[in-house]
Amino acid sequence: MLKEYLIKIREFYHQNLSFRSLRVRIFLIVLVVGTVPSVAMRYGIMRNYEERAVELRTAAVQSQLRIIADHLINEDYLAMQSYPGFSAEYSGSSSFKVINAELEMLSNLYDGRVQIISGNLRVIKDTYAISEGKTIISEEVIKCFMGESLSNYDDRNGYIEMTIPIIDNKNVDKEQETTGAVTVGGVKQPDPRVKGVMLTSISTAYIMDTMDILNRKAIILETLMIMVIVAIALVLAVVLARPFERVTRAINRVKEGYSNESISVPDLTETEHIVEAFNQLLQRMKVLDDSRQEFVSNVSHELKTPLASMKVLADSLLVQEDVPAELYQEFLEDIVSEIDRENRIITDLLTLVKMDKKVSGLNIAAININDLTELILKRLRPIARKKDVEVVFESVRPVTAEVDEVKMTLVMSNLVENAIKYNKEHGWVKVVLDADHQYFTFEVSDSGIGIPEDCLTQIYERFYRVDKSHSREIGGTGLGLAITKNAVLMHMGSITVTSTEGEGSTFLVKIPLNYIAQ
Ligand code: ADP
């Protein structure tokens, strides 16, 4: 039941978008926090007043009744009234008149009714003169005969009913006087000192009237207060939500392209944080945009260079007449090598783009790295031989790791190929394969030209080459290390380089033996 109710509230909340507005929430919160305590306070004060007024009135009437009860005993009113014969004789006596007048006065004063009930539960006096002579058997009266004074407030009908015992302490033997009410076998017995009971009910109309007046005044005050609170809530809702609107406007300006400057809304710490995060995002987007533009211009440039060379070669053949066949042969060979270069660049670019898009993902399998290294070195040794570079492989221990074979081949062959390409005549390349319980390391050292220290961080960038013309001469595309680093990172590994210009470089790749999914 409660769950259904909560679901309904949630649905209503989601359907009514206005509840999700910060402005509406602030307004409602301030309104509730402002009004609920004042309503509760009014209710509490009114209740308190009512209780107190009833208490005071009851106490006042009870004390008067006790005085009259004493008079009744002193004047033997009960005994006289109980016997019609005596009653007729004595009813005219002055003390009776005084008591009757006292009772009338009391009932007039408190707008109530007093009934005096004798020991045999008969009403011997009723200020309303309705029940005289009748018998009353009510719980309150019986209890009162046992010595208890009771009072009961009936707020619905607006009266207080109370019973007061009429106690005679004079005509009781000593024992009874001290014991008072008696209990026999767990059942309370009537108190013999109680000669009669005064059953009184008084109207609380006076208290109700006062409460009505108070309530009306409180409601007027409360209405005024609520009006002020509504005004405060409205102002707060507008003022507190305004900075967020400013943030939205500022972001929209950037989105619509009027400005691409960093935005600033320092009104609140929260808006400052949002704006800071947005500015950082903007900055990143700018960097990405710049690097994309740079990449596109680099790609076009790299792709155009072999085309330009081919055009120059072809043009020079065309403008000449009677070109010897050897020259044709030579130029066509150059054109073919340019086509190869173009092809290499496109292949490398496609590899990179595939890695970036992650469409290919990783094809992880447990691979024997020693065998893989041997295979790669076998493929590259002919190139090394051409440059008279010696390639040495040192396998410290057998390594099997969970890797993508194709991508790992790219990593290893790029590093070894670079070590051969950027080497000196009669140089050497050393490949060391080692592992601990977590990672395997693949280290490629060479005795080559080395890399200047200030270029060490840039060599992984796309199309970056320390010496452009030298790299191009030896067939580099500037994409090899970018591909290598990407592949290493996809395996959650790391790549570091140390190098001394003119002496050689060492690349160290560290890859987890067990593939850790991202
Ligand atoms: P490239 O296809 O030009 O070799 P890479 O991305 O593989 O492109 O390398 C980037 C640049 O880093 C190279 O142009 C070269 O200047 C430098 N480099 C890479 N490896 C070595 C090395 N072992 N020794 C010296 N320089 C190197």
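Is Asn-423 buried or exposed? At 6% relative accessibility, Asn-423 is buried (under 20% relative accessible area with a 1.4 Å probe, protein chains only; exposed is over 50%, partly exposed in between). Keep in mind that this is a predicted model, where local features need pLDDT of at least 70, side-chain atom pairs count only at pLDDT 80 or more, and totals for chains, interfaces and linings use all residues. Residues are numbered from 1 along each chain as its sequence is written, and side-chain values use heavy atoms, leaving out hydrogens and water.

Asn-423 sits in the loop between α12 (405-421) and β11 (428-435); helices (H or I, at least four residues) and strands (E, at least two) are DSSP runs, numbered from the N terminus. Its side chain makes a polar contact with that of Ser-447 at 3.0 Å, meaning N or O atoms within 3.5 Å, one able to donate a hydrogen and the other to accept it, with sequence-adjacent residues counting only if both atoms are side-chain atoms. Beyond four places in sequence, Asn-423 also has contacts (heavy atoms within 4.5 Å) that include Lys-387, Val-389 and Trp-428.

Now hop over to Arg-341, in helix α10 (residues 325-357).

Last stop: helix α8 (residues 205-256). The buried residues of α8, among them Ile-229, Ala-233, Ala-237 and Ala-241, pack against α2 (22-74) and α9 (269-319). An α-helix has 3.6 residues a turn, so residues three or four places apart point the same way. After α8 comes Gly-257, with a positive phi near 90°.
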